[in-house]
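Trainee: Could we go through this structure together, one question at a time?
Mentor: Happy to! Have a look at it first.

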Amino acid sequence: MGDAKEGEEERPRCVGCGRRVKTLYMQYSPGNIRLMKCDTCKAVADPYIECEFMIILIDLILHKTRAYRHLLFNKLRIYSSLDKGVLVLSILTHLVLDACNIADGDSSINIFSAILNCSKVLGDALLGNIVFMTMLFLEVQFILKLSFDIRRYREVLLAVIISSYFKLFLMAMMVWEFPSSVIFFVEISVLSSNTVALRVVTEFSKAHCFGVCFGAHAARYLTERWLLGAP
């Protein structure tokens with residue numbers, strides 16, 4: 001019974017209605033596939049299978065729930081046993097990007113000071129992310145009333161971290177100088193993207209998901225600005 005339920009949960013999903021489907025396509029020969037339709041909404045389950053990466057990326061930037069369902073459920077398969085490695089890699093990448101945001105980029109200091117500064121930056125980013133994840137889980141449990149399930153919470157965490165892809169733009173700040181308004185735009189974009197991803201995974205209302213994500217981001221912001229004294 002448990003194996004049957006687990007197999008049901010690991011099925012791909014229709015990007016339109018979010019219901020699970022048996023398969024997304026039938027392959028008759030290499031390069032010759034037929035996209036399958038969803039039994040619930042009667043539409044093609046995942047048309048993104050035949051789309052170029054740039055089209056998917058544009059729809060992700062536009063915050064289309066169909067694109068997020070394709071990425072999270074059908075591409076990365078966050079519900080499967082393979083998501084553990086993806087989760088660890090995503091957390092490490094997320095931590096490095098946050099460190100890039102905190103770093104001051106002063107190249108005039110010596111090597112020893114640079115090592116100390118790097119350690120402090122990573123420590124600050126780690127503390128900020130711990131506060132963020134703790135607040136996220138608490139709000140998911142008490143606001144969304146999501147039952148405590150390690151697997152479900154792992155899905156939520158992975159969805160939120162992956163949807164923070166806007167932070168990749170922070171890498172450019174290590175090379176070029178940008179006004180603070182750019183950082184603000186990136187943070188707002190991350191917040192809105194996290195809201196869409198959380199809504200896709202939990203199927204709760206947009207207002208509730210926004211409140212959860214806003215509270216987690218606010219907690220990390222206050223930690224970095226007040227306790228750590230970040231600029």
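Mentor: Let's start with tyrosine 68. Leaving aside neighbours within four places in sequence, tyrosine 68 is in contact with Leu60, His63, Phe73, Ser163, Tyr165, Ser193, Val196, Ala197 and Val200. Keep in mind that this is a predicted model.

Trainee: How many disulfides does the structure hold?

Mentor: A disulfide is a covalent bond between the sulfur atoms of two cysteines. The sulfur of cysteine 41 is 3.6 Å from its closest cysteine sulfur, in cysteine 14, which is too far for a bond. For cysteine 213, the nearest cysteine sulfur is that of cysteine 209, 6.7 Å away. The number of disulfides in the structure is zero.

Trainee: Is cysteine 213 buried or exposed?

Mentor: The cut-off for buried is under 20% relative accessible area. Cysteine 213 has 2% relative accessibility, so cysteine 213 counts as buried.

Trainee: How far apart are the end C-alpha atoms of residues 125–144?

Mentor: The unreviewed UniProt entry annotates residues 125–144 as a transmembrane region. Over this stretch the chain is 90% helix and 0% strand, and the distance between the end C-alpha atoms is 27 Å.

Methods: Residues are numbered from 1 along each chain as its sequence is written. This is a predicted model: local features need pLDDT of at least 70, side-chain atom pairs count only at pLDDT 80 or more; totals for chains, interfaces and linings use all residues. Side-chain values use heavy atoms; hydrogens and water are left out. UniProt positions are given in the numbering used here, feature names are shortened, and annotations may be inferred rather than shown by experiment. Helices (H or I, at least four residues) and strands (E, at least two) are DSSP runs, numbered from the N terminus. A disulfide is a pair of cysteine sulfur atoms within 2.5 Å. Buried means under 20% relative accessible area, exposed over 50%, partly exposed in between (1.4 Å probe, protein chains only). Contact means heavy atoms within 4.5 Å.
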